[in-house]
Amino acid sequence: MTSYVWSVDDAGTGGGAMVESLRRATAFFSSRGLGSTWFTVPKGGGKPMTGEWKDALIAAREAGHDLQLHGLTHADCYEFGPPAWPATSILPTLQSDFDERREELMPRYTVDNLRDRIEEGMEIFALDLGVEPSVFRAPCGAISKAMFTALRDVGIGYHTCMYISGSGYAHLPQNGEEIAQEWVDDIPHRPFRWYEDVIEVPILNEYTWRGSGARSDEFIELARRDLDRISGQSPVVVLLMHTHGIADDYEHTFRLVDTVTEHVGRQPGASFATMGELAASGALAAAANVDGPDILAV
Ligand SMILES: [Zn+2]
């Protein structure tokens with residue numbers, strides 16, 4: 001019995017084309033009978049969410065899609081911790097920029113500061129969207145031990161940002177452009193208990209980053225191979241997309257969704273669910289029967 005999750009980042013932020021991405025993608029998922037989970041930025045760039053976003057997100061929620069918390073402002077890639085791979089492979093200047101601004105940025109990572117940010121995000125979710133989030137995803141995968149304490153303090157017991165594979169970004173010039181299956185071995189490939197007993201639900205991979213549509217066949221083949229390999233290793237599999245990646249090539253995105261759905265459909269007992277559903281049912285807690293490694297420096 002394996003549950004698969006479609007998760008999409010960066011809802012709530014960006015202009016009309018990104019709202020359109022949410023609308024078109026949720027309509028597509030719904031047409032296939034699939035739920036999806038949208039990691040939503042409550043106060044993108046430090047500004048209040050637009051009416052257009054609120055309406056689209058409420059409509060998505062009412063259509064059965066799941067809204068979860070993706071930072072507070074996402075104004076940069078260091079909101080909840082220092083830069084992390086694979087974001088550093090997408091934006092090679094992240095680490096050097098952070099190093100230059102280290103004295104300015106490091107004081108962010110206190111429990112009080114990060115708890116305030118999460119609480120402000122939760123208030124916006126409650127007031128604007130009528131949603132109580134149960135899962136958090138830090139922007140750009142940038143995390144810290146203080147973030148886990150803050151999550152525990154506010155009662156959010158699930159986090160999801162660690163990648164099993166970052167080969168979905170291999171097509172970028174700085175990454176060599178060769179698309180091959182490559183998995184990390186420093187974290188479990190299934191949900192695990194991590195800092196402060198928060199459950200980390202790892203991301204399998206992303207196949208729809210900007211530019212991937214030009215190599216659609218290769219990314220679809222990579223997805224098939226990743227799915228075959230993960231099926232025996234984890235009862236919960238999270239797939240990642242971004243609003244801007246979807247909008248970059250709708251045809252590729254929808255082709256990928258259909259291919260994955262068909263592939264998963266051939267596995268006995270496999271089904272799709274949202275993060276919120278798996279948190280509420282206890283499936284994430286039940287899946288997390290291993291502890292994660294102590295790998296965070298901060
Ligand atoms: Zn993001």
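**Charges over rings.** I started with Arg229, whose charged end sits over the ring of Trp183, 4.0 Å from its centre. I am working from a predicted model here. I then found Arg24 over the face of Tyr250, at 3.8 Å from the ring centre.

**Aromatic pairs.** How many aromatic pairs does the structure hold? I noted 14. One of them is Tyr78 with Phe98, a tilted pair at 5.3 Å centre to centre with 55° between the planes. Tyr78 lies in the loop between β3 and α3 and Phe98 in helix α4 (residues 94-100), so this pair ties together parts 20 residues apart in sequence. I have both Tyr78 and Phe98 down as buried.

Next I checked Phe148 and Trp194, which pair edge-to-face: 5.3 Å centre to centre, 70° between the planes. Phe148 belongs to helix α7 (residues 145-154) and Trp194 to the loop between β6 (192-193) and β7 (199-200), so the pair ties together parts 46 residues apart in sequence. Phe148 is buried, at a relative accessible area of 0%. Trp194 counts as buried too, at 6%.

I also wrote down one aromatic cluster, formed by Tyr4, Trp6, Phe29 and Phe272.

**Zinc site.** Which protein donors does the zinc ion have? I found Asp10 (OD), His70 (NE2) and His74 (NE2), lying 2.1 Å from the ion. Along the chain their spacing reads D-x59-H-x3-H. Asp10 is in strand β1 (residues 3-11) and His70 in the loop between β3 (66-69) and α3 (87-90), so that pair links distant parts of the chain, 60 residues apart. Asp10 counts as buried at 10% relative accessibility, and His70 is buried with a relative accessible area of 1%.

Terms used. Residues are numbered from 1 along each chain as its sequence is written. This is a predicted model: local features need pLDDT of at least 70, side-chain atom pairs count only at pLDDT 80 or more; totals for chains, interfaces and linings use all residues. Side-chain values use heavy atoms; hydrogens and water are left out. Donors are N, O and S atoms within 2.8 Å of the metal (3.2 Å for Na, K and Ca); water is not among the atoms, so sites may look incomplete. Helices (H or I, at least four residues) and strands (E, at least two) are DSSP runs, numbered from the N terminus. Buried means under 20% relative accessible area, exposed over 50%, partly exposed in between (1.4 Å probe, protein chains only). Rings of Phe, Tyr and Trp (its six-membered ring) pair if their centres lie within 6.5 Å; planes under 30 degrees apart count as stacked, over 60 as edge-to-face and the rest as tilted. A charge sits over a ring if NZ of Lys or CZ of Arg is within 6 Å of the ring centre and within 35 degrees of the ring normal.
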